[in-house]
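Please look through the structure shown below, and keep it in view while you read the paragraphs that follow.

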Amino acid sequence: MELEELMAPCHIVFLPGLFARGWIWNQVADACRQQGHKITVIEPSIPEVFMGKLDSAHEMIRECLQLNGDMDNNILVGNSMSGLITLDFAVKYPELVAGVVISGAPGLEELEAGVSLSDLRGSVPGAANILCERVFRDINRLPKPDYEKGVADINTIFSTNETFKSVVKWLNISRKYDVHSSLKKVRCPIKLIWGDFDQITPAESWRLLASQNDNLDYCEVYDCGHSPMLEKPEEFYQLLSGYLLGINRPLARTA
């Protein structure tokens with residue numbers, strides 16, 4: 001009988017997006033949960049829960065990790081703005097993080113979102129729909145309930161002065177953030193999972209960066225936009241799962 005390695009479960013923290021809540025991770029998180037991993041999903045969107053401060057994001061992530069203090073193999077997974085948040089946390093608290101997975105993060109090249117903040121703040125008819133549709137290579141891959149949740153999240157975020165100001169602060173953070181400097185300080189391996197047709201944060205800049213940094217493992221999801229965990233969740237999970245196996249320690253061997 002062949003020997004099999006039983007891998008120690010990870011504690012995986014999934015972070016929300018700037019314009020979407022934690023539900024974007026539902027399918028991927030469920031798949032990880034079925035493999036025995038401990039899952040934490042931060043549900044409110046970044047403007048709602050972290051306001052406009054990296055320190056606020058750090059504090060909540062630390063609270064999530066402290067609730068699972070018996071686990072030392074913590075993995076942070078972030079899409080878009082939360083990708084930068086996971087990177088920055090790994091810089092500040094290297095002893096708390098075993099791995100980081102980033103998808104569609106800003107910080108390098110950024111393209112237009114197709115609508116302006118003033119359009120979204122002013123409730124211009126269809127503005128949220130335009131932004132939501134630009135996220136995907138093929139919007140028809142997104143189930144209608146998820147599409148409706150995405151549009152609703154955007155409208156909610158831009159409905160109050162407080163969350164709107166938070167969005168502006170986070171966009172300023174992303175434009176000033178020094179990705180290159182942070183990467184030099186991170187100790188854990190970093191997995192980059194990008195849609196090859198990302199029209200928000202193009203893949204090319206991150207692909208090139210990965211070719212210049214041994215600590216970065218870059219993968220693309222073919223024919224996919226800015227949020228592969230929604231558009232092609234099975235492929236995203238397979239790439240994430242392979243990364244977890246690569247960094248995880250064997251728990252035991254059984255015959």
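A salt bridge, as the term is used here, is a side-chain nitrogen of Lys or Arg within 4 Å of a carboxyl oxygen of Asp or Glu. The structure you are looking at is a predicted model, and a search through the whole of it finds 12 salt bridges. Side chains of opposite charge can pair when their charged atoms come close.

One of these pairs is formed by arginine 141 and glutamate 231, whose closest N and O atoms are 2.6 Å apart. This pair links distant parts of the chain, since arginine 141 sits in the loop between helix 6 (127–134) and helix 7 (144–157), while glutamate 231 belongs to helix 11 (residues 228–231), 90 residues apart. The two partners can be described by their accessibility as well: arginine 141 is partly exposed, with a relative accessible area of 27%, whereas glutamate 231 counts as buried at 5%.

Other salt bridges lie within a single helix. In helix 7, lysine 149 and aspartate 146 are three residues apart and therefore separated by about one helical turn, and their side chains meet in a salt bridge with an N to O distance of 3.5 Å. Lysine 149 is partly exposed, with a relative accessible area of 33%, while aspartate 146, at 13% relative accessibility, counts as buried. Beyond such pairs, salt bridges that share partners join Arg137, Arg141, Asp223 and Glu231 into one network.

Aspartate 88 is buried, with a relative accessible area of 5%, whereas lysine 92 is partly exposed, with a relative accessible area of 47%.

We can now turn from charged side chains to nonpolar ones. In soluble globular proteins, nonpolar side chains tend to be buried together. The largest nonpolar core of this model has 81 residues, and those with the most contacts inside it are Phe14 and Leu240. Helix 4 (residues 81–92) gives the most to this core, with seven residues. If residues up to four places away in sequence are left out of the count, leucine 240 touches Phe14, Val28, Cys32, Val77, Val101 and Ile193.

Valine 77, one of the residues that leucine 240 touches, brings us to the strands, for valine 77 is the bridge partner in strand 4 of phenylalanine 14. Strand 2 (residues 11–14) and strand 4 pair in the parallel sense over four bridges. Strand 4 is also joined by five bridges to strand 5 (residues 99–103), and these two strands run parallel; here isoleucine 75 stands opposite glycine 99 in strand 5. Between strand 4 and strand 5 the chain passes through helix 4, and this β-α-β crossover is right-handed.

Are the residues of strand 4 buried or exposed? Strand 4 (residues 74–79) is mostly covered, with six of its six residues buried. In a regular strand the side chains alternate between the two faces of the sheet. Both faces of strand 4 are covered, with Asn74, Leu76 and Gly78 buried on one side and Ile75, Val77 and Asn79 buried on the other.

The loops deserve attention too. Serine 80 is placed in the loop between strand 4 and helix 4, and serine 80 counts as buried at 16% relative accessibility. Most residues other than glycine have a negative phi, and most peptide bonds are trans. Serine 80, although it is not a glycine, has a positive phi of about 60°, and aspartate 223 has a positive phi of about 55° without being a glycine either. Aspartate 223 lies in the loop between strand 7 (216–221) and helix 11, and at 22% relative accessibility aspartate 223 counts as partly exposed.

The side chain of threonine 201 reaches the backbone oxygen of glycine 104 at 3.1 Å, and a polar contact of 3.4 Å joins the side chains of threonine 201 and histidine 226. Leaving aside neighbours within four places in sequence, threonine 201 is in contact with several residues, among them Ala105, Pro106, Glu109 and Trp194.

Terms used. Residues numbered from 1 in each chain as written. Predicted model: local features only at pLDDT ≥ 70, side-chain atom pairs only at ≥ 80, totals over all residues. Heavy atoms only, no water. Core = buried A, V, L, I, M, F, W, Y, C linked by side-chain atoms within 4.5 Å. Buried < 20%, exposed > 50% of the residue type's maximum accessible area, 1.4 Å probe, protein only. Contact = heavy atoms within 4.5 Å. Pairing = 2+ DSSP bridges. Right-handed = clockwise from strand over helix to strand, strands pointing away. Polar contact = N/O pair within 3.5 Å; in protein donor to acceptor, adjacent residues only side chain to side chain.
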